[in-house]
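Have the viewer open as you read.

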Amino acid sequence: MLPNVGDVFSGKVVSTVPFGSFIEHPAGAHGLLHGQQAEVGSSVQVKVLAVDAEKQRFSLELA
C-alpha cells in the first residue's frame, strides 16, 4: 500500500544508493529520500512529496 502525498511518517532506512536513501513505510513499501545519505537501520521522519501508483514508488523529503 502506498502512502498519500503530504503524509508524514517515521521510516527505517533500508538501503543507500549514490543518489539517496530508500526508506520503508510502515505498510511495507519503500520510497526514495533523494539526495540524503542516511545510515542503514536508522529511523528518519519524512514527508511524501509525490506518488507514482503505476510504478509503485514514491519520493520523500525530510520532515
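The points below go from the annotated span to its strands, and then to one residue.

1. Please keep in mind that this is a predicted model. The UniProt record, an unreviewed entry, places "domain: S1 motif" at residues 6-63. That span is 62% strand and 0% helix, and its end C-alpha atoms are 10 Å apart.

2. To find the pairing on screen, look for Val17, which sits opposite Gly20 of S2.

3. Next, follow S2 to its other partner: strand S3, residues 30-34, is joined to S2 by 5 bridges, and this pair also runs antiparallel. Here Glu24 stands opposite His30 in S3. The S2 and S3 hairpin has 5 residues between its strands, and Gly28 adopts a positive phi near 110° in this hairpin.

4. Now zoom in on Ser21, which belongs to strand S2. Is Ser21 buried or exposed? Its relative accessibility is 0%, so Ser21 counts as buried, the cut-off being under 20%.

5. What does the side chain of Ser21 reach? One of its polar atoms lies 2.6 Å from the backbone oxygen of Gln36, and the Ser21 side chain also comes to 3.0 Å from the backbone nitrogen of Ala38.

Definitions and conventions. Residues are numbered from 1 along each chain as its sequence is written. This is a predicted model: local features need pLDDT of at least 70, side-chain atom pairs count only at pLDDT 80 or more; totals for chains, interfaces and linings use all residues. Side-chain values use heavy atoms; hydrogens and water are left out. UniProt positions are given in the numbering used here, feature names are shortened, and annotations may be inferred rather than shown by experiment. Helices (H or I, at least four residues) and strands (E, at least two) are DSSP runs, numbered from the N terminus. Two strands pair if DSSP finds at least two bridges between them. Buried means under 20% relative accessible area, exposed over 50%, partly exposed in between (1.4 Å probe, protein chains only). A polar contact is a pair of N or O atoms within 3.5 Å; within protein, one must be able to donate a hydrogen and the other to accept it, and residues adjacent in sequence count only if both atoms are side-chain atoms.
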